[in-house]
Structure formats: C-alpha cells, structure tokens
Amino acid sequence: MEAQVLTRQLGPWSAGKGPLQQKLARSLAQAVGRGLLNPGMRLPSERTLARALRLSRTTVVAAYDVLRENGWLESRSGSGTWVSATSLSVAAARGAAQAGSLADSPLLGLMQRREDADMVDFALGTPLPLHDLPGDPFTLPDDEYRALVCDRLYYPLGIAALRGAVARYYCERGLASVPEQILITNGAQQALSLAAALYVQRGDAVLVEDPMYFGVLDILRAAGARILSLPVGERGVEPAVLRDRIKATAARLVYLTPTFQNPTGAVMPRAARSEVCQIAASLGVPVLDDEVLAELAHGAAVPLPIAAHGAEAPILTVGSLSKLIWPGLRVGWLRAAEPVIERLARLKSSIDLGSPPLTQAIAARLLGAVEQARAQRCVELTAKRDAVAAMLREQLPDWSFRLPAGGAFLWIKLPSGDAREYAQLALRHGVRIIAGPLMSAAEGCAQWIRLPFLAEMPVLSIGVRRLATAWREFCSSDRRVGARVGWV
C-alpha cells in the first residue's frame, strides 16, 4: 500500500491527547477492523510512512512494534511489514466491523462532533446559522402547525407549499419553473445521490470537475461509476473540453458547479453556460448543475442557472438552504423536466417515503426571506474572506491564492511540498485542513489546500496563526531531510 493512500485512510489520527506512537498504533488497528487494511496487505516502510505523516522514524517503528506484539502485524525477512493473515486479533476486529464501499469516506468523520474542542476545524465547509432574519420564519403559525401534525400523508415529491416556493424562487432568478418540476430532498446530498442512482450503472463513465466537492466522489464510487476528470480553470470548465470528453468517453452524466465552484470559486461565463446547454441537448447527456453555493455572492450578481439557457436541455439543477441559512435544516431540491422528477420521486419514495413536512414548511417560509439572507451572508462572508486573505498575506506571504467573487473557500497553492504531508503536521498544531488530493478524482492537486472562511473571526485568526507555525516547521523539516539525503 502506498503511504499517501494509508495517510488518507487514517484521517485525523493524531488529534487529541496521548503519545503519537500510541495514537498511530490505535488508528492502524482501527483501520484493520474497518476493512481499510486487509490481512496479507503490505504496509509502507517505517521511513516512508514517517515522511508521509511528518513524524520521526522512531515514532513509526514504535507503533509498528506495538502492533506486532499484539498480533496485528507481522514482519517477513527482507520483504517488510504486513497485516497479519493468521492473527486472532485481526480476525476478531474484522468480524466486529464489516466494511462497506465507503469505509474510507471522509464525510462521516467531518460531520461528527469532535471531543477535541481546542481544534480549529478548517476541514468542515458548513457556515454558522443565520439568526437575524425578519419575522421569525423558523416559527410556524398555529393553524399551519396543527394541520401538518394531523396530516397522515408522506408527500414523496414534497409538500405543495415548498414546491411552489422553490418554483417561484427560480422564476424570480430568471429560470421559468412550475411546482411539477421540483422534487424536495433531504439536503442537496440526497438530491445528488438520487440523480446518480437514476442515470449511473456500474462501470458507466461520469465526468466531474477537478478539483471538486469530494462528497460527490463518495456518491459516484458507491454507484460503481468510472469517474473521469474535467479541468477547472478561472472560468470553470471549458465547453469545448466538455464536448470532446463526452464524445471520447461516452459519459452518462456530467457534474458541474459553475457558480462559485467548490473549492476554486470559479464562475462559468454566461456564454459558456449557454454552450453547455447546447452540448447536453445535442449529445443527450444529462448535466447536474450544483447550485448549493450560488447564493453566496460577495457583492456580485448571482448568475443564472445553466438550465435558464436552454429549456429543452437535460439539465438537473440542485439547490439547498444549507449554505445560505442553516445546515441543520437538511432541506434541498432538484429542478428538472417533469418526467425526470417523476422518476426521481419513485426512487426517493423507495428510500424514505418523503422528507419531514415540518421542516419543509419552515423552508417554504425561509425562501420568502432569501433576499435578506443573501444580504446578510454577503456582508458576513466578504468581511471574513478579506480578513483571512489579509492574515495569510501577512503571515504566509509565499502562499498563493486569488480572491473568489463568491462561495466560502480560498483555494491555496503551497510553494512547495505535498499538501497531504503538511495537513498531517497542521493537525498536530491544532488545525484541520483539506488537502487537494482529497478533492480530486485523479488524486492530483498535491500542492493545494482548501481553506474555508466560515468560522467566527477569532477562530479564523487562531487557525491562520497555527497554520503559519506549522508551515515554518514543515519547511524547516524539509530542509533537514533534504540535507541528509542530498536534495539541497
């Protein structure tokens, strides 16, 4: 197994208290139990793993020794260290925890509450909730509340009030829509999952951006898709490249985030959106337009969704209130042609019968306050973006990035080194970050990190200071290692 693959599977193993060798040994044992490391699998050498984790070789040797003594690992003369194929410890652990296709997914670990309260979490991309919207839209009138709690129906397509509110929302943005074109989902993640389930069979080619939102990679891997990349530039994905790649790969689905792309912040121009519509219509390939970040403009106008440029094109538009108003609401939606919505609704009803009506009713009221929410988020995120950028320029002047016109992230290029190794060292300085390869289907972007500006301002300040301290140590250790092996 390659050291970088093992590093990704171990995740934030060094967080919390205790000696590093004990935490590393425990994390390796847990990886065996979850099925991430299989019996008979060869592990990286102590020296290779130490470099990937930014540790001393002595620490890795000590962790491997502990696991050998307890039957997890075995050494074979002249051929390295292996997960034991005969150990009772390994057999018992694997029997207690059955691994699935998403065993090494980062999403579950990112979403859970952590015990290490002092850790600055720059890995999670969820905003603080908006509380100061007028009219308290989080509270339902008594008559509406009573009617909902007495209702026995499930509404797999969503309640009429919310489907109508979403349709009006798109009409106001320039995309003519009717309620019959709307499916309500449990967040945008379910909307994306349903689209993948409808269009993708095992082995099918799917074109995605590179880099991209890693949660979609989990969805597509679970579906057994053959995931192929589209490069993202300052203007998003180029339509000519998209057309050529669809023809060359016979792709069954395309996933794009053309507005404030996650993580680059790129915005696809109007003319390119129109061309994407023409490509989708002429080649008959559905395009998923993920608009979850589209409302997070930093003073600029929000572009029209792709579907507004071609009524007949097979475009599925995904939206949510999570980033704009509150992540905990878990209300999202899909807008597509009516026959597609009917097929998606049958899929959804087989999974959960329908989304909770009470939260849907609250979401319908919140959509009436989108303009106020948009204004509040603009003020908040623009100030935080500019503050974090100023901190980085002062404390980490050799890091390079551009200010996005919207969204919630800075996409930062390190001047040297591997971002996965730096992320491991940053973790031990009390800050979590996402390294670029986690956001790349091809595991590229090795010199990039994603940095959200979503936390409270004091937390952002502490986090940047810790990143700067970790970077100084990272550069210093690189020079020491380089001098020993003749790199510099």
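Reader: In which sense do strand β5 and strand β6 pair, and over how many bridges?

Author: The model is a predicted one, and in it strand β5 covers residues 205-210 while strand β6 covers residues 226-231. Within this pair, A205 stands opposite R226 in β6. From β5 the chain passes through helix α10, residues 214-222, to reach β6, in a β-α-β crossover that is right-handed. The two strands pair over six bridges, and the sense is parallel.

Reader: Which strands stand at the edges of the open sheet of seven strands, and why is one side of each left without a neighbour?

Author: The order of the strands is β4-β10-β9-β8-β7-β5-β6, and the pairing is mixed. Two strands have a single partner strand each, so one side of each has no neighbour in the sheet, and these edge strands are β4 (182-185) and β6.

Reader: Which strands of the sheet does α10 touch?

Author: Helix α10 packs on the sheet, and its direction makes about 150 degrees with that of β6. The strands that α10 touches are β5, β6 and β7 (253-256).

Reader: Which element gives the largest share of the lining of the second largest cavity?

Author: This cavity holds about 50 Å³ of space, and its lining includes L192, V206, V216, I219, L220 and Y255. The elements giving two or more residues to that lining are α9 (187-199), α10 and β7. By class, the lining has nine nonpolar residues, with no polar and no charged ones. The largest share, three residues, comes from α10.

Technical notes
Residues are numbered from 1 along each chain as its sequence is written. This is a predicted model: local features need pLDDT of at least 70, side-chain atom pairs count only at pLDDT 80 or more; totals for chains, interfaces and linings use all residues. Side-chain values use heavy atoms; hydrogens and water are left out. Two strands pair if DSSP finds at least two bridges between them. Helices (H or I, at least four residues) and strands (E, at least two) are DSSP runs, numbered from the N terminus. A crossover is right-handed if, with the strands pointing away from the viewer, the path from the first strand over the helix to the second runs clockwise. Contact means heavy atoms within 4.5 Å. Axes are lines fitted to C-alpha atoms, for helices over the stretch in contact, and angles run from 0 to 180 degrees between N-to-C directions. On a 1 Å grid over the protein atoms alone, a cavity is a set of points where a 1.4 Å probe fits but cannot get out, and a pocket is an open set with protein on both sides within 12 Å along at least five of seven lines; lining residues have an atom within 4 Å of a point. Grid points are joined across faces, edges and corners, and a volume is the space filled by probe spheres set on the points. Ala, Val, Leu, Ile, Met, Phe, Trp, Tyr, Cys and Pro count as nonpolar, Asp, Glu, Lys and Arg as charged, and the others, Gly among them, as polar.
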